[in-house]
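Open the model in your viewer and keep the selection tool ready. This tour goes stop by stop, with something to select at each one.

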Amino acid sequence: MNNKRRDIAAAAAAACLIFILTVAFSLKPDGTYSDSERRKLASKPSLTLETAVNGRYAEEYETYMADQFPLRDAFRRLKACAGRYLFFLKDINGYYETEGQAAKVLYPLNEASLDHAAASFSSLYEDYLKDCGRIVFSIVPDKGYYLAGTYGCPMLDYEALEKRMAEKMPWAAYCKITDTLEASSYYRTDTHWRQECLGETAGRLAEALGVTLCDEGKTEEVKTDFYGVYSGQSALPLKPDSMSRYVNDAILEAEVRYAESGVTGQVYDEAALNGRDPYEYYLSGAEPLIMIRNPLAENDRRLILFRDSFASSLAPYLIEAYREIIMVDTRYMAPSLLGDYVDPSGCDVLFLYSTLILNDSFSLK
């Protein structure tokens with residue numbers, strides 16, 4: 001009898017929970033963006049005869065419900081903690097934690113993506129860069145380069161990646177930087193590297209470009225708690241990172257202009273510290289075209305830096321060596337527009353891209 005009552009009570013509790021969540025789902029206004037995951041949330045799909053017949057409506061509605069579910073972040077955190085600490089799963093939805101670092105499983109090597117990236121860069125070379133000075137290409141390793149092997153997660157064949165890109169880009173000198181970094185060079189909760197750890201890396205790239213970094217600047221603490229993208233995407237209970245910035249006279253005096261908006265500013269964007277992604281503190285984050293002028297330069301050298309987000313925190317190190325640095329992100333700018341803004345004649349050129357982008361490069365125009 002007691003067992004029967006217990007079963008009835010459990011069923012009633014489950015039914016009550018389902019009813020409460022159903023009511024909450026119907027009353028809760030739909031969200032449009034997940035700050036924790038840094039992505040747009042699915043909106044309610046439209047029901048048509050075609051989408052009902054081909055099953056697309058059911059699929060889209062399932063995605064919509066998962067994105068708009070009440071207490072979604074709390075349930076994601078519960079699931080992640082159960083998988084990590086109760087069932088001892090190696091990764092949670094493609095993310096893992098080891099040595100105090102959260103990282104993303106990056107595997108396997110996507111050769112089609114590498115070829116697409118190399119073709120995009122080669123097209124830029126053929127159309128704009130033949131009259132340039134030194135042309136250098138470098139690959140930023142993801143954290144998995146330093147963590148995945150010892151943790152036992154699948155990892156990219158980085159040697160094959162470097163070899164394939166070098167073969168596809170014979171017109172550029174390859175500069176290897178993996179030995180200038182280590183796991184602690186990256187934020188614990190984010191994809192990106194820590195700016196204060198990039199002195200040796202910047203020096204290696206400067207040497208490949210034929211310039212010297214002389215100004216021994218200083219590192220200053222940036223007062224903010226930084227929860228990086230892996231903090232929300234993994235849903236694991238990670239402590240926030242600290243942030244720092246590298247400064248010298250050239251950086252403090254630099255004039256930064258954002259071509260898309262026409263706005264001028266400084267290298268470090270204080271307003272971004274209170275935004276969705278504090279990493280945008282470094283040169284305001286994702287921008288198609290940024291021009292940095294150094295009024296203290298003792299030469300007229302110019303650098304065109306084709307890049308992804310990793311370059312935002314590295315570029316300040318190179319400011320002292322150039323009169324002007326033009327940063328181009330072809331994920332947001334069609335290469336055909338480059339000639340409208342930049343005269344590449346005589347410029348040095350640096351292609352600096354992470355394995356995260358090269359292995360999924362179809363956002364490159």
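Is Glu 162 buried or exposed? Select Glu 162 and look around. Glu 162 is buried, with a relative accessible area of 14%. One thing to keep in mind throughout: this is a predicted model.

**Stop 1**

Lys 176 counts as partly exposed, at 37% relative accessibility. The cut-off for buried is under 20%, so Glu 162, at 14%, falls in that class.

**Stop 2**

How many salt bridges does the structure hold? There are 21. Side chains of opposite charge can pair when their charged atoms come close.

Select Glu 37 and Arg 39. They form a salt bridge, and their closest N and O atoms are 3.3 Å apart. Glu 37 is buried, at 9% relative accessible area. Arg 39 is partly exposed, at 29%. Now widen the selection to Asp 67, Arg 72, Asp 73 and Arg 76. Together with Glu 37 and Arg 39, these residues are linked in a network of salt bridges.

Next, go to Lys 218 and Glu 220. Their side chains meet in a salt bridge, 3.6 Å from N to O. Lys 218 counts as exposed, at 51% relative accessibility. Glu 220 counts as partly exposed, at 23%.

**Stop 3: strand E14**

Select residues 348-354. This is strand E14, and it is mostly covered: seven of its seven residues are buried. In a regular strand the side chains alternate between the two faces of the sheet. Which residues of E14 lie on each side? Asp 348, Leu 350, Leu 352 and Ser 354 are on one side. Val 349, Phe 351 and Tyr 353 are on the other. Both faces are covered.

Strand E5, residues 135-140, pairs with E14 in the parallel sense over six bridges. E12 also runs parallel to E14, and five bridges join them. Phe 137 stands opposite Phe 351. Phe 306 has Phe 351 as its bridge partner in E14.

**Stop 4: aromatic rings**

Phe 137, Phe 306 and Phe 351 are part of a cluster linked by ring pairs.

How many aromatic pairs does a search of the whole structure find? The search finds 21. For one of them, select Trp 193 and Phe 310. This pair is edge-to-face, with 5.5 Å centre to centre and 80° between the planes. Trp 193 lies in the loop between strand E6 (173-174) and helix H8 (199-209), and Phe 310 in the loop between strand E12 (302-307) and helix H11 (311-318), so the pair ties together parts that are 117 residues apart in sequence. Both Trp 193 and Phe 310 are buried.

**Stop 5: charges over rings**

Select Arg 276 and Tyr 33. The charged end of Arg 276 sits over the ring of Tyr 33, 3.7 Å from its centre. Then select Lys 90 and Tyr 151. Lys 90 lies over the face of Tyr 151, at 4.2 Å from the ring centre.

**Stop 6: a surface patch**

Leu 71 is in the loop between helix H3 (56-68) and helix H4 (72-86). Leu 71 is exposed, with a relative accessible area of 61%.

**Stop 7: two distances to check**

Select Gly 339, in helix H12, residues 338-341. Gly 339 is partly exposed, at 43% relative accessible area. Gly 339 and Asp 127 are 212 residues apart in sequence, and 9.4 Å apart in space, C-alpha to C-alpha.

Finally, select Cys 197 in the loop between E6 and H8. Cys 197 counts as partly exposed, at 27% relative accessibility.

Terms used: Residues numbered from 1 in each chain as written. Predicted model: local features only at pLDDT ≥ 70, side-chain atom pairs only at ≥ 80, totals over all residues. Heavy atoms only, no water. Phe/Tyr/Trp six-rings, centres within 6.5 Å; stacked < 30°, edge-to-face > 60°. Helix = DSSP H or I, 4+ residues; strand = E, 2+ residues; numbered from the N terminus. Buried < 20%, exposed > 50% of the residue type's maximum accessible area, 1.4 Å probe, protein only. Lys NZ or Arg CZ within 6 Å of the ring centre and 35° of its normal. Salt bridge = Lys/Arg side-chain N within 4 Å of Asp/Glu carboxyl O. Pairing = 2+ DSSP bridges.
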